[in-house]
Amino acid sequence: MRAMDKNKAQKVRRAVGLTLMYLFMTLLAVILLFPYMFMLLRSLMLDSQVMLYPVELWPEPFSFTAYVTLFTANNYFGYFLQTAKVVVFNLIAIPLSASFVAYGFSKYRFRGKRFFFSLMMATMMLPGVVVQIPLYVLFNDFGWLDSLLPLTIPNLFGGGAIYVFLIRQYMIGIPKELEEAAKIDGANPLVRYFSITLPLCMPVLTFIMVTVFNANWSDFYTPLLYLSKEGTETLAYAIFKDSLYKFVTPDKANLKMAAGVFMSVFPAVLFLVFQKQLIEGISTSALKG
Amino acid sequence: MRIKTDKGVSGGGKVNAFLAFLKKEWRMSWAGWMFISPLVIGIAVFTAYPMVQSLIYSFYNYDGGRLFEFNGIANFRYMFGLDFEEVAKVFGNTFLYGIISVPLNLCLSYLLAVLVNQKIHAVKAFRVFYYLPVVIPGVVSGVIWSQIMDPSSQGVLNLFLGKFGIPPSGFFATAPTALASAIVMNLWGLGGGMVLWLAALKNIPAGLYEAARIDGAGVFRRFFFITVPLSTPMIFYNLVTGIIGAMQTNNTMVFASDGGRGPKDSLYFIAVKIYNEAFIAKDFGYASALAWVLFIVIAVLTAVTFLTSKWVYTGDE
Amino acid sequence: MKKTLVALLLAFATFVSVFSMIGCSRKETFENPGNDYEANVDMTDEDYQQTATLTVGVTADPYETELIEAVAEGFKLLFPNVTIETVRISGTDYVSEVDKRVNADNVPDIIYTSESESFSFISSEYFLNLAPYIEAETVNNADYEKQFVPEAWKMGQESYDGDQYFIPRSSDRVVTHLNTKYTDAAIAYWNEKHPSEALPTDIIKNGWTWDDFMDVCAALREYFDSQGWTVSKGRYLVDHTFTWAPIMFSLLKSNNATISDGKNFTLDNEGTIKTAEMIREMIEKGYIGHTATGGANYENGNGAMLFHSSSAIAKYKGYIGEDYDIVTFPIINGDLGVFGFGVPGYGIFAGIDETKRDLAWQFLNYIISYEGQEYLAKAGMKTPSVREDLQDYNTASWGEGYRDLNLEATVWEPERNYSETFFLSYPASKKQILVNTISSFINEVMTYTGTEVGSLKPEYTIASCIEECVKNLNKYIAK
């Protein structure tokens with residue numbers, strides 16, 4: 001009897017503990033998701049409601065006016081297109097050029113390999129601010145300002161040390177036999193890279209593409225440096241600029257929020273679709289790096 | 001070719017040997033060189049060249065336009081002289097932010113990871129919820145949080161805190177609270193650290209815990225003698241990237257008043273100052289000097305972290 | 001195999017060229033001749049018949065393009081084979097857009113500027129010193145000092161010493177833009193509620209004082225509140241841009257403030273404090289918001305008044321319609337009161353092709369000729385001409401279409417026109433940063449949070465703002 005009681009008490013204690021645990025976790029989730037909801041709800045308000053104090057949380061009535069204003073009175077579709085151009089280019093360019101370089105580092109022996117590899121790793125530690133001013137001058141001399149070239153062309157050259165590193169790690173793990181067979185068949189290095197090794201790297205490339213998407217999608221700083229002409233702004237930069245200069249009065253808060261919702265939807269969806277690859281990729285990059 | 005070798009035997013031999021050496025080198029290395037050539041060009045054009053240039057600029061009075069005259073160490077003298085108060089302030093802010101933010105994130109995200117590492121139902125959904133804020137672009141989170149942390153006593157967070165009798169705060173709008181608010185806001189991205197910890201925890205053999213439990217080790221002992229030592233590579237990685245990242249924080253430009261300075265310069269970070277000096281005040285020379293000082297600071301910090309990294313478990317021992 | 005060789009050669013070439021660039025200093029895209037050049041103002045028949053194209057860089061505002069196109073029409077009568085081409089220089093910051101063009105070696109022959117932008121252009125040596133041309137014209141009996149409103153003319157000079165860097169085209173004065181729907185209703189409302197303190201119905205007239213203005217604001221505040229348009233709903237009365245140089249310096253000047261005695265910065269004086277107190281009084285009474293622009297949303301018909309340049313009358317008439325009118329800026333301190341004043345104009349790019357230099361001068365000189373000014377006016381220039389003989393808006397063309405407005409406000413008591421003289425003794429290269437520092441001072445004064453957000457403690461006492469500002473001025477001037 002006593003043993004049963006003890007067992008029961010333990011069960012009850014566990015159930016209570018579990019419930020508390022779930023309550024706590026839900027509370028945390030609510031706290032972490034609240035800003036989302038706040039943004040979403042306030043983006044659906046009319047400007048006459050959004051400017052009210054004390055702040056209201058529930059839209060009364062629900063209205064899509066803010067979104068309409070974003071795409072009609074403001075050029076948010078144009079900003080979106082600009083971002084899309086950058087993102088699409090980099091989504092192709094970075095994985096390709098990074099894997100190209102990584103292939104060299106992982107499959108070939110050559111003089112200076114260690115040197116160049118450590119050079120590359122060193123650039124990872126380099127703060128971007130040190131090079132930003134001369135790069136600005138350089139791009140100005142090229143006549144690249146106010147175009148998307150500074151945001152895209154540099155990515156053709158390796159695409160970033162961290163990506164090269166990740167792909168190299170992955171390629172080292174690919175069995176040599178496949179390569180050897182192709183070599184015997186007389187395939188040259190470019191063919192071997194493109195048709196044999198590259199397709200095998202898809203998992204790591206997927207992770208890199210998702211990361212590249214997020215990085216380019218949310219970058220407001222680089223466009224801030226290089227794009228000042230009206231109509232060339234990318235989405236992130238436009239939100240930055242508008243929240244500082246255009247949507248400043250309290251009655252325009254709904255526009256800010258609507259722009260935020262519009263901008264967050266894409267990365268959020270992407271995350272939900274690719275969460276497995278993303279989380280795995282992050283873990284490996286952190287643990288191996 | 002043959003005629004040439006006939007003419008001068010000894011000299012030609014050297015040349016030939018050298019040519020042969022080149023040929024051998026070429027045969028061995030050409031493919032590798034080809035594959036890494038984009039990277040090498042990229043580093044040369046977009047990293048090495050600009051780095052040297054910015055070092056040169058830092059000794060010039062350069063406005064990004066026509067004015068480009070050598071002025072010796074005047075930029076540095078100004079930095080450590082007249083402008084020192086502000087320079088010290090921005091570096092101080094940046095350090096303070098980094099020193100609090102990086103370890104705080106590391107600790108809290110560990111707790112979060114432990115929470116979602118339990119084998120209970122629906123835990124995966126919670127992982128997704130906790131990670132979701134991380135994918136929100138920085139600009140957007142800046143915009144959201146400056147709304148939530150409305151300095152008015154009628155703002156949403158102040159109203160909420162008021163329910164618990166906490167007096168309204170000025171958040172980003174008053175100097176004493178601004179930096180703390182930025183640190184709290186940064187906690188929204190805790191999910192990023194959580195994922196890293198999850199991976200680290202997964203890498204720890206479950207047998208170790210079992211053995212420790214049998215030996216009677218409590219939660220804390222298990223944490224300090226198993227979890228922490230075996231997670232040191234992750235902690236180390238986080239420290240290094242965290243330091244480099246924190247020193248370059250510029251997202252305050254989104255929500256800090258007065259062009260990213262905040263009230264009484266309380267949110268003024270070094271990266272923002274460099275931007276302001278270069279692209280607002282048009283002093284490329286002084287901005288480059290500041291950038292180089294920042295670079296040296298970061299290099300020293302990273303080097304110190306690496307040199308004192310004996311505590312990192314490498315798996316070889 | 002061949003391809004890889006080419007790739008490697010390319011890599012090598014890039015390496016070499018890149019590192020050889022390191023040694024080079026910045027390239028000079030052009031040479032500024034200073035005043036050491038031949039100025040030829042006597043045009044022969046052959047000159048009049050020459051075929052050439054002059055490019056004129058203007059801001060993105062379509063109005064600027066229209067003005068140049070209109071003048072070009074008249075210019076064609078003199079030089080039938082000369083084409084005037086406008087180049088729109090668009091971007092968030094006009095000055096840096098011009099900088100970019102200079103670096104990219106793509107600069108128009110003539111560049112639009114306003115006096116505030118000219119500091120940067122002059123210190124970067126983009127502008128040709130026009131003194132030789134003016135001298136040559138003077139030999140031909142021109143008298144620029146007499147022909148032009150002196151306050152306007154001088155602003156094309158860096159330190160008022162005769163070295164003319166740009167030619168002012170028109171003069172803009174800060175005026176009060178009104179939405180009479182609100183002001184009329186507010187005065188009526190006030191007079192009904194407070195018959196003993198009734199305001200005269202014509203209180204808003206040219207030459208009204210700052211006290212009158214504050215009385216009207218008090219009436220407006222009561223009226224707005226009675227309509228439910230309270231401060232807590234973000235309804236303020238006045239939009240102002242007090243941080244904009246022409247307004248900010250006229251406030252300081254009117255209050256008899258000083259900034260510098262030529263050697264030291266003397267911001268800590270009664271005049272500055274009074275200016276700061278004036279602004280804070282408006283904030284505390286809920287007339288303006290904490291934002292840099294006032295927050296009244298005049299443009300969309302929510303605000304009652306706006307302090308801004310008279311050049312904007314066409315724009316605001318379009319927004320406000322029937323109820324729109326203007327009146328002079330309120331006079332502060334009686335005879336000391338001044339009105340902020342600025343001039344847009346054009347300078348010749350110092351690196352212009354020498355063969356076109358004389359022609360460019362001809363064009364500038366034409367813009368400020370009687371005919372040129374009338375062409376500008378017909379194209380929609382609403383602001384007073386810089387010419388003394390075109391000041392009367394009843395006979396000149398510049399007021400056309402807007403005669404129903406109180407145009408007198410734009411020329412009333414011209415001796416009160418004032419442009420910044422505080423930094424006259426400082427070089428152009430320092431002026432911009434000094435002006436910006438005063439702007440941030442005014443901004444700090446306004447950042448003080450008074451009644452609206454009761455929980456905040458004012459960290460920005462006027463004394464601390466002044467102290468901060470003087471510190472910064474000293475810092476920047478020594479840089």
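Student: What is the mean pLDDT of chain C?

Tutor: This is a predicted model, in which local features need pLDDT of at least 70, side-chain atom pairs count only at pLDDT 80 or more, and totals for chains, interfaces and linings use all residues. Residues are numbered from 1 along each chain as its sequence is written, while chains are lettered from A and ligands numbered from 1 in the order in which they are written. pLDDT is the predictor's confidence in each residue, from 0 to 100. In chain C, 91% of residues reach 70 or more, and the mean is 83.

Student: Over which residues of chain C is the pLDDT below 50?

Tutor: The stretch has 18 contacts beyond near neighbours in sequence. A contact means C-beta atoms, placed from the backbone, within 7 Å. The stretch is residues 450-456.

Student: What ipTM does the predictor give the complex?

Tutor: Two scores are given for the complex. The pTM is 0.84, and the ipTM is 0.88.

Student: How far apart are the centres of the two domains of chain B?

Tutor: Domain 1 spans 2-57 and domain 2 spans 85-311. These bounds come from an automatic or database domain assignment. Taken over C-alpha atoms, the centres are separated by 46 Å.

Student: What is the radius of gyration of chain B?

Tutor: The radius is taken over C-alpha atoms, and the globule rule is 2.2 Å times the number of residues to the power 0.38. A compact globule of 317 residues would be near 20 Å. The C-alpha atoms of chain B fill a box of roughly 100 × 65 × 30 Å along the principal axes. The radius of gyration of chain B is 27 Å.

Definitions and conventions: Contact = placed C-beta atoms within 7 Å.
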